[in-house]
Amino acid sequence: MRRVSGIMGAVFAAILVWGCMDYGPRYEEEFSMPGNGLFITNEGNFMYGNATLSYYDIESGDVENEVFVRTNAAKLGDVAQSVVIYDDKGYIVVNNSGVIFEIDIDTFKVTGMITGLTSPRYIHFVNDTKAYVTDLNDARITIINPQTRQITGHIDMGDHPSTEQMVQYDKWLFVNCWSYDNKILVVDTERDEMVDEIEVGLQPIELVLDANGKLWTITDGGYEGSPYGYESPALYRIDAATRTVEHCFSFGTDDVPSALELNGAGDMLYFINGAVWRMDVTDSELPDEPFVEDRQTKYYGLGIDPVTGEIYVADAVDYQQPGKIYRYSAEGELQDSFTVGVSPGEFCFKY
Amino acid sequence: MRFSGVRIWLLMLSMLPLAVSAQNLLDPVKIDSVVVTTSVRLQDIGVQKTHIDTRLLKENVTLSMADVLTNNSVIYIKSFGRSSLSTASFRGTAPSHTQVTWNGMKLNSPMLGMVDFSLIPSYFIDNVDLYHGASSTNVSSGGLGGAVALVTSAAPVDGWGMKYVQGVGSFSTYDQFLTLSYGAERWQSTTRVLYSSSQNDFEYRNYNKFKVPVLDGDGSVIGYEYPLERNRDGDFKDLHLMQEFRYNSERLGEFGVRAWLTDSRRGVPTLNVSYRDENATRSRQNELTLRTVASWNKLFGRLGLNASAGYNYTDMTYVYSVDAGGEGNMVEAIHSQSYVNTFFAKMAAEYGWSNRLMFSMDVDFNQYLVDSHDKSLTGGVTGYRKGRPELSTKASIRWKPYDQLGLAVTLKEDLYGDKYSPLVPALFAEYAPWGTDIITFKGSATRNYRYPTLNDMYYLPGGNPELRPERGYTYDLGLRAIHKAGFGSLKGELTWFDSYIDDWILWRPTFKGFYTPLNINKVRSYGLEVKGSAEIYLARDWDLSLDALFTETHSINKGEPVSAADNSVGRQLPYVPVYSAAVSANLQYRSWRLTYKWNYYSERFTTSTNDYSVSGTISPYYMNDLSLSRQFNTSFAAISLRFDVRNLFDEEYESVLSHPMPGRNYGLTIEITPRLGSRR
């Protein structure tokens, strides 16, 4: 028996030495970054829950990654879709976590949460007490009161089960329907009702409004074999006042345009199509030469500094490692680069 | 590589000798085992094989093959949660690089390429052998990492038999197992039924969310802590039904018919980073599978022949529902439906020229028919209907120049659809200078190919018909030592392996919002496998057995950087631990048995660059399980009681990012085997 107990004792002792996992509480860090900066949402990988928030100090060039979890001791969640600043608060929409976090834009501390959403994509502020949230899997735009962070209503989008990016012209909100759709929908922000729709090409993925009151959208054209159809991608210019398509710039079938952005003045368009391209909003043709050459990278996001005109390009590399951001001067000269989180997608400037 | 008419004829000619010589061969295995037990076995020359003890398979009715392999093999099981998707990584390779067979029939999904081991109850399986690296060519094609051969067989010749097992566990988990068997001289029948269900709503502390206030009795905040939450949507109901018949005829040989029905209805647990309302979304995965195999084998002097044929039907449904209106009316946002029909035929022949020389040939044919469709809330129906025949032929020569040395050569050729692989040789050698019960040296090497799955090629959107097959080259060297003494016995195995896989297929996002598979990785996977076991006689009525496993696996990206920014080259692949180990100890005293299991994985990276960021690593995993059982023998039945404590130290952990795992939990099992009396 002494032999039995001796051996079993040794086994238990070994187990106690080996048997403890390093998993548990996180510790909070304090940040104070009141200067001009740039928020970058890193989507992470779908179903990994590894979305992160990076912050780039525009003045010093310092980068802080994972600022959300480091500050709040809680993870950002699964697929950080977009980030905007309104009334000195940052709003991060986390798609597959079904949540919008409101943060202090200098300390990154969470100051509020908006829940009750299904698959939120973007948030647009109509005024101090009303914001709209689009959704991938809800045929309604959700109305939020940002002050109470409560859902105050919904806007029925009819037979358009998915809504994406929003821009506002006068009291009219325009929203593109990307997934198996070909419409830009129009919402009356006073009555919170959908009032009109504009037909464009297949699958409008981007939407911006320039200084001349023109809407611009990129349609990706679907894909070969899609039951919804397949066509060449295109860039559309639409007059917001009359809601009519003014011009359609067609791409080749092998082109994959995305990430449509405007400069601060709203008179210059930028987009990714392998390389980064730039065109004046008054141009009648697509540019012949890229503005920033393709570096054999997976350009995944684009941001134009509204003050300096500098261009920030997000490179997802292989989508499974921390992405890289390239900063170019307004003239297209590479200034520097820095590493952020996995699949960087959206930029938001803090001035 | 396009298939040509010449190739078809070559393959057909290679099959001819089977039919011609089918009446003249001898079972060399039987001869071999009779002649010299300590000499190299012809059948297994150079084969790196791990046999999973039947006792481990029948240990607990609640265990799946994922649980058994986690604790008792060098395979890394990536588990997405309790009774959730569990895939195998063999020697640092992908789940689709582990081939799985049941009584010779391939179980790997032709759509996904892999097997979910959480759906295979270990209690149903009678015999498991793991074939490492090159040795997998003995079982199936495409096992770049290895192969798992599952076997069930009808009851022995012993009259009526019956066993009923009832398990009750934490989280409203119930397992009911019944087997009925009858064995006579010429025919045997075994029926097995297993029904498992669980709410699986274990409580866990969620360290990914915000701390919540802790209130005292007066409602005052006295601190903050991470919230306690429950695993959501993890419930499951699994039904397994298996029927086997075997008929023996001295003149005609042995015939077997087996059918295995699985009806699994499972929730897909919510991530622990979700803030959605409890009823806002729901994911369900249902699978109905019927596998049938009919087999025949017979000895004709020196010729052993085996033929089998089967049919496999799978109906798999995944539904993601959302409460789009916010009023409790769930709408299907995604409805994925796939039907797979597989027709299978296999023929094997072994001819023992002498006790030292054996020839064998195998032909394995699978015809897959897949009808896969996805219906989304936003779009119409996308999908594909495709079929693909797969033919694999293999010829082997095994030779023992003398008792201590064995050499084997296998030549393989595979045909997938209208494409074929080059002729692939596999080499095996084994040397036992002082007999196999002392020390044995082994080595093997082969090339291997794995063809893209049907989803890889045709899934809409994203399928890529231009994909090349993954190409692998692997070799291993090892030794096995056995020592027997008065106190018991010691056994140890040490194996070095080295594999190169080119054109590894990975799915990558596109700018159009979907993923597409590409041949982009080149991987070298090398390392060490160590196995040890001891049977120790401690004192009168006291026995101790110890089993230990250790694996070191470096699975390294050796490809070209995708761009100047790519830092993944030279790094360990995501979710492959460098080190893993397991120890299990069994202490037996008369009818009592105490079992302790300890399992370890080193940290696993979630990024291709091995970052030590918050979500970049999953911390090392240590798991301890304890069980105590006792056997009671009465005049009417043998009764066994068993009590399990799993996760003994109540560890809080994740095995896969954002997927919560249960803390300490318990199980009680009673097993009743009535004494029905033998037939004779």
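**Reading a predicted two-chain model**

Modeller: Over residues 1–37 of chain B, pLDDT stays under 50, although the model has 67 contacts beyond four places in sequence for that stretch. This is a predicted model, and that segment is a place to begin.

Colleague: What does chain B average in pLDDT, and where is confidence lowest and highest?

Modeller: The mean pLDDT of chain B is 90, and 94% of the residues score at least 70. Confidence is lowest in strand E1 (residues 25–26) of chain B, with a mean of 33. It is highest in strand E12 (residues 203–205) of chain B, at 97. For the complex, the predictor gives an ipTM of 0.92 and a pTM of 0.91.

Colleague: How do I read the contact between the chains? How many residues of chain B are in contact with chain A?

Modeller: The general idea first: the size of an interface is often given as the accessible area lost when the parts come together. Here we have residue counts: 66 residues of chain B are in contact with 62 residues of chain A. Several strands of chain B give two or more residues to the side that touches chain A, among them E22 (381–402), E28 (488–509), E29 (515–539) and E30 (542–557). That side of chain B divides into 36 nonpolar, 19 polar and 11 charged residues.

Colleague: Take one residue from E29, such as Thr516(B). Is it buried, exposed or partly exposed?

Modeller: Thr516(B) counts as partly exposed because it has 18 C-beta neighbours inside 10 Å, and 20 or more would be needed for a buried residue. Leaving out residues up to four places away in sequence, Thr516(B) touches Gly462(B), Asn464(B), Trp507(B), Arg508(B) and Thr510(B). Pro422(B) is 94 residues from Thr516(B) in sequence and 27 Å from it in space, C-alpha to C-alpha.

Colleague: Now a helix. How many residues of H4 in chain B are buried?

Modeller: As a general point, an α-helix has 3.6 residues a turn, so residues three or four places apart point the same way. In helix H4 (residues 65–72) of chain B, 8 of the 8 residues are buried, so the helix is largely enclosed by the rest of the structure. They include Met65(B), Val68(B) and Leu69(B), and also Asp67(B) and Asn72(B). The buried residues of H4(B) pack against helix H3 (54–57) and against strands E2 (49–52), E3 (76–79), E4 (86–89), E31 and E32 of chain B.

Colleague: And the nonpolar cores? Which residues have the most contacts inside the largest one?

Modeller: In soluble globular proteins, nonpolar side chains tend to be buried together. The largest nonpolar core has 92 residues, and Ile92(A), Val94(A), Ile100(A) and Val313(A) have the most contacts inside it. Strand E21 (residues 268–273) of chain A gives the most to this core, 5 residues. Among the residues that Val313(A) touches are Val276(A), Val292(A), Tyr299(A) and Leu302(A). A second, separate core has 77 residues, including Met105(B), Tyr351(B), Trp504(B) and Leu573(B).

Colleague: How many helices and strands does chain A have, and how do E18 and E19 pair?

Modeller: Chain A has 2 helices and 27 strands, and 49% of its 351 residues count as buried. Strands E18 (residues 234–239) and E19 (residues 244–250) of chain A pair in the antiparallel sense over 6 bridges. Ala234(A) has Ser250(A) in E19(A) as its bridge partner. The hairpin has 4 residues between the strands, and Arg243(A) takes a positive phi near 60° there.

Key
Residues numbered from 1 in each chain as written. Chains lettered and ligands numbered in written order. Predicted model: local features only at pLDDT ≥ 70, side-chain atom pairs only at ≥ 80, totals over all residues. Contact = placed C-beta atoms within 7 Å. Nonpolar A, V, L, I, M, F, W, Y, C, P; charged D, E, K, R; others polar. Buried ≥ 20, exposed ≤ 12 C-beta atoms within 10 Å, placed from the backbone. Core = buried A, V, L, I, M, F, W, Y, C linked by C-beta atoms within 7 Å. Pairing = 2+ DSSP bridges. pLDDT = per-residue confidence, 0-100.
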